[in-house]
Amino acid sequence: MNGKTLSLKPAVNGISFSKHGAAIIFILLMILNGIFTPNFASLGMLRNLLLQVFPIMIVSMGMTIVISSGGIDISVGSIMAVAAAALAKNLGIGIFPAIVIGLSIGVVFGAFNGFLIAKFKIQPMIVTLILMVGGRGIAQQLNNGYVISFYDHPFVELGLYSISGIPIQVFVMLLVIASVFILMYYMVLGKYIQAIGDNLRASELSGIKTFKITIIIYALSAFFASLAAIFETSRICSADPNTLGRFMELDAIAAVAVGGTSMTGGKANVIGTVFGALIIQLITISVNMNNINYYYSLILKAVIIIAAMYLQQFRTKGTK
Amino acid sequence: MKVLNRINSMEDKGVIAAFLVLFITATVMFEPFFSLLNIMNILRQVSMIGIVAIGMTFVILIKGIDLSVGALVAVSGVLSAYFAGRSMVLAILLPLLLGALLGAINGIIIARYRIVPFIATFAMMIGARGASYIATDTKSIAVPMTAKAYSKIGRGYAGLVPVPVIIFFLLLFIAYYILKNTSFGRKVYALGSNEEASLMMGIKVNRVKIAVYSISGLMCGAAGVILTSRLGAGQPVAGMGWEIQAIAATAIGGTLLSGGVGGVKGTFFGVLILGMITNMINLQGSLNSWWQGIITGVLLLIAIIVQAQEGRRIVSLS
Amino acid sequence: MSDFLLKMTGVSKEFPGVKALNNVDFYIRKGEVHSLMGENGAGKSTLIKILTGIYTKDSGTIELNGRQMSPQNVLEAQAAGISTIFQELNLIPDLSIAENIFLGREPKDRFGKIQWKKIYVKSTEALKDLGINIDVQLKLKDIGAAIQQMVALVRALDINANLVVMDEPTSSLDDNEVKVLFKVIRNLKERGVSVLFISHRLSEIFEICDRVTILRDGKLVGESLIRDISHGELISKMIGKDSESIVSNKKKAIDFSTKETYLTANGISSGIMLKGIDLSIRKGEIVGLAGLLGSGRTELARVLFGDDQAANGKIEINGKKVSLKHPADAIINGVAFCSEERKAEGIIPNMSVADNITLASFSDITRFGFFSRKKQLQITNKYIKQLSIKTPGANREIKFLSGGNQQKVILARWLALKPDFIILDEPTRGIDVGAKSEIDKLIQSMANEGISILLISSEMEELVKRCDRVAVLYEGEKVGELQGEELSVDAILHTITAGHNRKLQGANK
């Protein structure tokens with residue numbers, strides 16, 4: 001590179017709102033809460049935030065992968081329920097085999113999503129809608145409709161385990177974030193996923209096996225949903241096929257949208273999603289702690305998704 | 001002969017055949033199935049989802065999707081319950097208006113602000129559901145016992161036929177007429193079949209879209225009123241999962257998810273198929289209610305795979 | 001008053017980096033069938049798009065019936081009396097013929113009910129006027145392409161068109177359908193309606209048109225009555241032949257007979273586009289594919305790259321039969337393909353120059369799923385330098401680069417793969433002159449390194465300049481091969497015309 005070509009256009013560095021918007025909003029929310037919400041600024045609070053954001057964070061990581069490939073997965077909540085049910089049903093044969101079974105069943109469901117999308121070229125939303133509804137029925141069938149509780153089973157220790165006071169969920173979260181970060185930015189698979197989301201046809205012509213990769217994408221999303229389900233099940237000591245993971249798709253999509261990943265595919269913003277997930281959870285917590293009806297947070301999240309997507313249009317327009 | 005001709009019309013053939021097979025199977029398998037009482041019962045049970053599915057058919061015909069229908073049923077049902085004791089007219093009109101208004105907002109977000117339909121209506125689903133929880137403090141709003149006339153909407157009979165069934169059939173007929181015989185109806189098909197060409201042919205595409213989502217909202221309002229009247233209470237949890245049922249009924253009924261092809265006649269049979277399956281699960285006795293979800297999912301899966309294959313066949317032919 | 005219906009004077013249009021139309025005058029008389037001719041990038045489609053309101057002109061005037069106009073969109077153009085029958089038909093496939101004619105302006109009764117009988121009767125009559133008898137209740141998608149065009153035409157005429165623009169109306173029609181269409185066009189002429197008829201099939205131009213305007217490189221090169229011009233003259237005007245410059249620009253002949261054969265394709269057939277084509281290429285040889293639009297050039301390339309599957313025929317690479325079911329299969333066999341659709345099929349817009357360059361060859365720099373960023377940058381910088389790609393850096397998103405530099409990046413993507421064979425489909429289209437000559441040199445240096453090249457171009461002069469051998473296609477068949485002394489623009493033209501004549505004779509028999 002010579003100086004002449006470098007001076008053509010300055011590279012866009014520094015802080016740009018599209019890249020760092022989520023982090024800025026998160027910090028603002030933290031400050032506002034610190035001022036207005038009683039008892040907000042405390043270590044216990046931080047611990048709570050990190051514990052509660054866990055499922056959203058893990059599922060949003062999978063959702064970031066899916067959305068950056070130009071797809072969507074609204075079956076994540078139901079897949080959580082299925083994985084939890086499969087795990088709970090098999091706890092009798094040992095904790096480790098039960099976890100493996102839970103994860104594998106989740107992954108199979110995800111692969112099924114990917115297969116239908118790649119094979120029949122059906123919109124991802126419709127395909128995953130099928131499992132969103134059917135999956136919950138399957139979870140109920142696995143549990144015979146009951147909530148399976150296991151307060152005295154050693155499995156509950158998994159969710160309560162902590163290392164020098166830091167809950168295990170925090171470590172899992174960091175591991176998952178790091179893995180997805182590495183996958184999307186340092187591994188070929190991540191490049192392929194984003195290439196498919198950006199220009200499917202050009203990717204195909206460059207020799208990328210889009211069929212196989214589509215299956216992997218949805219299997220990964222389901223894997224992360226199942227992983228979240230396992231820790232949640234352990235933390236709340238029960239597997240509830242009805243409520244586990246309900247509205248999780250909303251939270252995850254909101255986290256990804258707020259985080260700055262392009263909803264039309266092509267560019268994953270993994271760190272943005274991290275802050276996006278934190279923001280979504282922070283909204284829930286602030287609403288709770290200020291004794292505002294929880295359901296206001298639903299409306300707020302709905303508005304956030306629409307606003308984030310609307311703003312994204314301008315960004316993509318501006319660069320084209 | 002006329003019946004035969006009608007069956008021969010391409011789009012509905014599959015669903016009507018499926019309906020007949022299921023009907024005969026049910027008649028043979030379950031003795032109580034084929035009785036006027038049971039059949040009226042099925043019709044009444046499907047009438048509300050059926051009304052929602054009419055709106056969904058409009059939406060899917062323009063290649064859209066409306067995930068907010070269940071929540072809109074809930075929010076308008078709750079509003080209806082609030083006014084049921086005071087004024088029957090308001091208890092009917094306001095929910096209809098609210099439904100249409102929220103539907104119009106869906107349409108505006110989709111048409112003007114170019115947010116993809118499923119995200120826009122997904123947000124509406126969450127927002128409207130949240131609103132109905134807030135309005136009711138998550139409790140049911142009871143309809144006063146004194147609202148006798150109001151309770152007829154959901155519980156009354158005209159002779160042997162339940163009132164909700166009459167309303168369902170009436171709306172079905174109106175929708176059928178609009179789609180078949182009015183300029184607006186044909187624009188709905190045109191838009192779903194080829195949006196760009198519709199634009200080129202001078203159709204005000206955005207207006208049609210907003211109208212279609214408003215119709216879907218209006219249908220939810222109607223279903224909400226009937227449901228509240230029938231249950232004697234406005235429930236914020238009402239209509240959970242109705243979006244998938246309505247989508248499934250529409251898809252099974254032969255309306256293509258890729259838009260432009262189909263209609264409410266097919267949706268009617270799609271709704272009946274779902275209703276008969278529920279009925280059979282009940283009659284069978286040992287199957288649990290969650291099978292409904294699984295079976296709906298499987299039926300939707302079959303419907304879209306058939307549609308995808310059909311679409312590919314057409315492409316390869318041309 | 002003149003007898004001109006349309007007068008476009010001094011029309012110019014510029015796109016970033018390309019002057020698509022440069023001060024073009026274009027006149028159409030009342031009641032004539034006029035054709036606009038020119039190869040890809042001549043400005044033909046830009047002119048039509050300005051006329052029909054899809055683009056707006058930068059400068060110049062448009063007069064229709066003596067009145068100034070400047071349509072901002074298709075509807076405005078339509079209202080002014082210009083109706084277009086687009087190549088991609090703008091009709092509703094799932095509605096009936098009659099509805100397509102009346103959509104949006106149906107006669108209704110007091111209750112808003114559409115008067116179906118009236119619609120059916122009127123549309124049946126309208127089609128009958130054009131000599132077509134058909135059940136107007138059939139769905140549009142269930143009728144042939146020709147009738148579909150008639151439907152579009154009836155709709156256009158019903159909105160009172162003075163000028164009907166037909167953009168490649170015959171491209172999907174068979175011979176009989178074309179006859180029907182021509183009957184209708186003559187019918188229109190008698191009614192005093194002017195027709196702008198675009199087709200890449202010369203025989204059709206000579207059969208139906210009264211007058212022709214020829215564009216090249218965005219400039220007007222001539223206008224003539226059709227009876228005053230010969231096939232050869234027309235083609236050479238379109239292509240801009242200057243016989244002296246061709247001779248001097250011709251590539252030096254190399255004898256390839258001793259070189260090994262790299263690829264042999266036998267009897268490649270696929271649908272109506274490819275009808276049993278044989279082709280072989282030796283190592284380091286540059287073979288050109290010449291032919292007019294729609295001759296099957298791109299289709300053949302796609303089959304050789306495994307993007308389409310041939311219905312019949314076999315492909316051998318280095319003497320071994322290969323089965324190419326996916327581009328990945330071709331890539332493994334050392335084949336690369338640079339599509340003519342740079343935007344739709346080439347660039348990954350939001351990815352960096354580096355990612356775009358290494359996209360097809362990631363496996364070379366990857367271990368255990370991780371790619372080496374260092375190696376990626378090495379490769380990228382090597383090609384940025386070698387092809388002098390102008391970019392602020394390897395990490396710049398490709399969408400910010402100019403067309404020519406994007407094209408170089410795509411070429412680099414394929415070069416990085418170290419291919420044995422590369423198919424280049426219109427590699428210099430839409431690129432400025434400077435970048436063009438660089439890409440020219442690049443192609444030659446690839447061949448010098450032993451890479452076999454299949455070059456597709458609609459600019460015959462360039463084929464003569466760059467290729468060792470040129471295979472000429474006409475309507476899905478190979479009608480000749482030219483090399484060495486016999487290779488010249490004239491010879492290519494002659495071969496095409498001969499192929500055309502042979503076809504005519506075949507049809508007349």
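User: What does the secondary structure of chain B come to?
Analyst: Chain B has 14 helices and four strands. Helices (H or I, at least four residues) and strands (E, at least two) are DSSP runs, numbered from the N terminus. This is a predicted model, where local features need pLDDT of at least 70 and side-chain atom pairs count only at pLDDT 80 or more, while totals for chains, interfaces and linings use all residues. Residues are numbered from 1 along each chain as its sequence is written, and chains are lettered from A and ligands numbered from 1 in the order in which they are written.

User: How much of chain B counts as buried?
Analyst: 58% of its 318 residues. Buried means 20 or more other C-beta atoms, placed from the backbone, within 10 Å of the residue's own; exposed means 12 or fewer, and partly exposed is in between.

User: Take B:Ile226. Buried or exposed, and why?
Analyst: B:Ile226 is buried, because 26 other C-beta atoms lie within 10 Å. B:Ile226 is found in helix H11 (residues 205-231) of chain B.

User: Which residues is B:Ile226 in contact with, leaving aside neighbours within four places in sequence?
Analyst: B:Met48, B:Ile153, B:Gly154, B:Pro164 and B:Ile167. Contact means that the C-beta atoms, placed from the backbone, lie within 7 Å.

User: Changing topic, how many residues do chain B and chain A bring to their contact?
Analyst: Chain B brings 31 residues and chain A 29. On the chain B side, helix H6 (117-136) and helix H14 (291-317) are the elements that give two or more residues. By class, that side has 22 nonpolar, seven polar and two charged residues. Ala, Val, Leu, Ile, Met, Phe, Trp, Tyr, Cys and Pro count as nonpolar, Asp, Glu, Lys and Arg as charged, and the others, Gly among them, as polar.

User: And which domains does chain C have?
Analyst: Domain 1 (4-240), domain 2 (251-334 + 421-431 + 452-509) and domain 3 (341-418). The bounds come from an automatic or database domain assignment.

User: How far apart are the C-alpha centres of domain 2 and domain 3 of chain C?
Analyst: 28 Å. Five residues of domain 2 are in contact with six of domain 3.

Terms used
Two residues are in contact if their C-beta atoms, placed from the backbone, lie within 7 Å.
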